[in-house]
Structures are given as structure tokens and as C-alpha cells.
Amino acid sequence: MICEKFEKCAFFKKHKKVLGSPQQYQLLVEHYCHGPLMSRCARLTYEKEKGEKPPVNLSPIGEYM
Ligand code: SF4
């Protein structure tokens, strides 16, 4: 299953090239956007709880870049 927001996810659009390494990007995608931690993605949680789009810098882990 892939997150429905993946193609347009503001976080990855902005940070894909500047995340620490390609491996780091891949790990986030595998665990969150395509994987078992999707339901715990901080971006999805933020949007659900606040009813607004999360800040672009909020990572799926919940850290601000
Ligand atoms: S970071 Fe979160 S909102 Fe963005 S594509 Fe991945 S799971 Fe979806």
C-alpha cells in the first residue's frame, strides 16, 4: 500500500535531494510512505488532528528539518 499523498507530499518534494543520504530517503519511504508505519506518519497525524496541511518541514518521524 502506498500513501495516497506520496506523489504530492510537500515534505519529499522539498527534501528528497537534501535528506542526509539516498538511504535515509529510502528508509523513510519504505517505513512510512510504503510501509507499516504509515498510520503513524506525523504529517498525516498533524493533518488529521489540526485539519490543515502540515508544515513542509515536518518529517514523517515528527522532527522538523
Ligand atoms: S511522509 Fe507521510 S504524508 Fe508524506 S507520503 Fe509519506 S506517509 Fe504520506
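## Helix 3 and T45

T45 is found in helix 3, where helices (H or I, at least four residues) and strands (E, at least two) are DSSP runs numbered from the N terminus. T45 counts as partly exposed because it has 15 C-beta neighbours inside 10 Å. A residue is buried if 20 or more other C-beta atoms lie within 10 Å of its own, exposed if 12 or fewer, and partly exposed in between, with C-beta atoms placed from the backbone. The C-alpha atoms of T45 and L58 are separated by 11 Å, and the two residues are 13 apart along the chain.

## Model and confidence

This is a predicted model, in which local features need pLDDT of at least 70, side-chain atom pairs count only at pLDDT 80 or more, and totals for chains, interfaces and linings use all residues. Residues are numbered from 1 along each chain as its sequence is written.

The protein chain has a mean pLDDT of 91, and 97% of its residues reach 70 or more; pLDDT is the predictor's confidence in each residue, from 0 to 100. Confidence in the protein chain is highest in helix 3, at a mean of 98, and lowest in helix 1 (residues 10-15), at 86. Where pLDDT is low, the predicted coordinates should not be read in detail.

## Overall fold

The protein chain contains three helices and zero strands, in the pattern α-α-α when read along the sequence. The C-alpha trace spans about 30 × 25 × 20 Å along its principal axes. The radius of gyration of the protein chain is 11 Å, which agrees with the value near 11 Å for a compact globule with 65 residues. That radius is taken over C-alpha atoms, and the globule rule is 2.2 Å times the number of residues to the power 0.38. Of the 65 residues, 17% count as buried.

Before helix 1 lies the segment that holds E4. E4 counts as exposed because it has 10 C-beta neighbours inside 10 Å.

## Helix 2

Helix 2 has 12 residues and reaches 15 Å from its first C-alpha to its last, close to the expected 16 Å at 1.5 Å a residue; the expected span is 1.5 Å times one less than the number of residues. L28, Y32 and C33 are buried in this helix. Seen down the axis of helix 2, the buried residues fall within an arc of 70°, so they line one face of the helix. The arc is that of the directions from the helix axis to the C-beta atoms.

Y32 counts as buried because it has 24 C-beta neighbours inside 10 Å. Y32 and L44 are 12 residues apart in sequence and 10 Å apart in space, C-alpha to C-alpha. The face turned away from the buried side of helix 2 carries the exposed residues P22, Q23, Q26 and E30. Q26 counts as exposed because it has 12 C-beta neighbours inside 10 Å, and its C-alpha atom is separated by 14 Å from that of K13, 13 residues apart along the chain.

## Ligand shell

The ligand is surrounded by C3, K5, F6, C9, F11, Y32, C33, M38, C41, R43, L44 and P60; a residue is near a molecule or strand if its C-beta atom, placed from the backbone, lies within 6 Å of it. Helix 2 (22-33) and helix 3 (42-50) are the elements that give two or more residues to this shell.

The shell residues divide into 10 nonpolar, no polar and two charged. Ala, Val, Leu, Ile, Met, Phe, Trp, Tyr, Cys and Pro count as nonpolar, Asp, Glu, Lys and Arg as charged, and the others, Gly among them, as polar.
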